[in-house]
Amino acid sequence: MTELRRPIESGVPDPFQYMHPVLKSNYGHWKWHDRPRPGVLHHVAESGQEVWTVKAGTQRQMDVYTIRKLCDIADQFAEGHVRFTVRSNIEFMVSKFEMVQPLIDKLAAEGFPVGGTGNSISMISHTQGWLHCDIPGTDASGVVKALMDELYEEFTHEEMPNRVKITTSCCQINCGGQGDIAINIQHTKPPIINHELVANACERPAVVARCPVAAIRPALVNGKPSLEVDEKKCVCCGACYPPCPPMQINDPENSKLAIWVGGKHSSTRSKPTFHKLVAAGIPNNAPRWPEAAGIVKQILYAYKENAKPWERMGEWIDRIGWARFFELTGLPFTKYHLDNWRGGRASLNASAQLRF
Ligand code: SF4
Ligand code: SF4
């Protein structure tokens, strides 16, 4: 008889071991739910059991003391169970309505706002940034903290036409995905090559193949194998930098921020969509990014005032048209806003062949 394959420690852990007992015993058997106030969800099971979920915002990157503080709050006010959402909101579950308000009061007293449900602006999702990734041009989590400080009221109230999902990405690979509003790094100058290091650090054919516009060629520089970039072709995407760190593209002056709008992943109401560029060349101005925050607020408040109830950002723009979007937001419209993915078929390198 073959021995049963034993589980290994990698991969997603079994969630049931951490789940609140009411959630565990009624898993898949919920009858209805509502939202008694922003930041609180109320679920009623077929068995008649009820559970209230209180959602609070965090500062995203958390030190161990903050996590301990949140766990202490869970032990004292919330029956000892928490979970984090994909946007790093923390959720506490309680099985008695009387426990909800003391929990909210304690969270408020400790500086964790309750909200992020329904038509609010939930916590901004961000890519890994300086803490975990090796190629960021900015600190995406810092942009999140700076922006959420300014959008605090929109987190604690549900006053937007529909939910607003904002994302940030710290390079143009954009592993943050599509968002109603996205704040992404935008490089504006081709990479500067350190020819001394290329032969030691880079697998040159892989780097050549990686360029979306076939701008990289092998070259001999000072008798050493290296690479060269046709700067007229280079679109400054930064794709060559991860496999070849000597092709340095991050730059404090020339790595800017760009803002994109109208993307979404879900199929609710309308199809998933790619977001589109609406503002570029914004200074990458740590630690508070005031220029980017100002433009995000311009877009958000134009959407809030003008969209019909339940229209997502992209649906609102589809209805009013891009000309009206730029009019209402007051953003300048330039020729760089006209590209689309269909046009990209002709200009991008769509084959895996190397070109020399
Ligand atoms: S967006 Fe780019 S730099 Fe940021 S974590 Fe993702 S791959 Fe890394
Ligand atoms: S991969 Fe991108 S940044 Fe690098 S040379 Fe090609 S277009 Fe320029």
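Trainee: Which residues are around ligand 1?

Mentor: They are Thr-127, Gln-128, Gly-129, Cys-133, Ile-135, Pro-136, Ser-169, Cys-170, Cys-171 and Cys-175. A residue counts as near a molecule or strand if one of its heavy atoms lies within 4 Å of it. Before we go on: this is a predicted model, where local features need pLDDT of at least 70, side-chain atom pairs count only at pLDDT 80 or more, and totals for chains, interfaces and linings use all residues. Residues are numbered from 1 along each chain as its sequence is written, chains are lettered from A and ligands numbered from 1 in the order in which they are written, and side-chain values use heavy atoms, with hydrogens and water left out.

Trainee: What makes the shell around ligand 1 divide into nonpolar, polar and charged?

Mentor: Ala, Val, Leu, Ile, Met, Phe, Trp, Tyr, Cys and Pro count as nonpolar, Asp, Glu, Lys and Arg as charged, and the others, Gly among them, as polar. That gives six nonpolar, four polar and no charged residues.

Trainee: And which residues come nearest to ligand 2?

Mentor: Cys-211, Cys-234, Cys-237, Gly-238 and Cys-240, out of 14 around it. By class, that shell has 13 nonpolar, one polar and no charged.

Trainee: How do you know that β8 and β13 pair?

Mentor: Two strands pair if DSSP finds at least two bridges between them. Strand β8 (residues 181-187) and strand β13 (residues 255-261) have seven bridges, in the antiparallel sense, so by that definition they pair. One example is Ile-185, whose bridge partner in β13 is Leu-257. Strands themselves are DSSP runs (E, at least two residues), as are helices (H or I, at least four), numbered from the N terminus.

Trainee: Why are β6 and β14 called edge strands?

Mentor: The open sheet runs β6-β7-β8-β13-β14, with mixed pairing. Strands β6 (125-126) and β14 (276-282) each pair on one side only.

Trainee: What does helix α9 touch on that sheet?

Mentor: Helix α9 (residues 290-306) packs on the sheet, touching β7 (166-169), β8, β13 and β14. Contact means heavy atoms within 4.5 Å. The direction of α9 makes about 10° with that of β13; axes are lines fitted to C-alpha atoms, for helices over the stretch in contact, and angles run from 0 to 180 degrees between N-to-C directions.

Trainee: Where is Pro-287?

Mentor: In the loop between β14 and α9. The peptide bond from Ala-286 to Pro-287 is cis, with omega near 5°.
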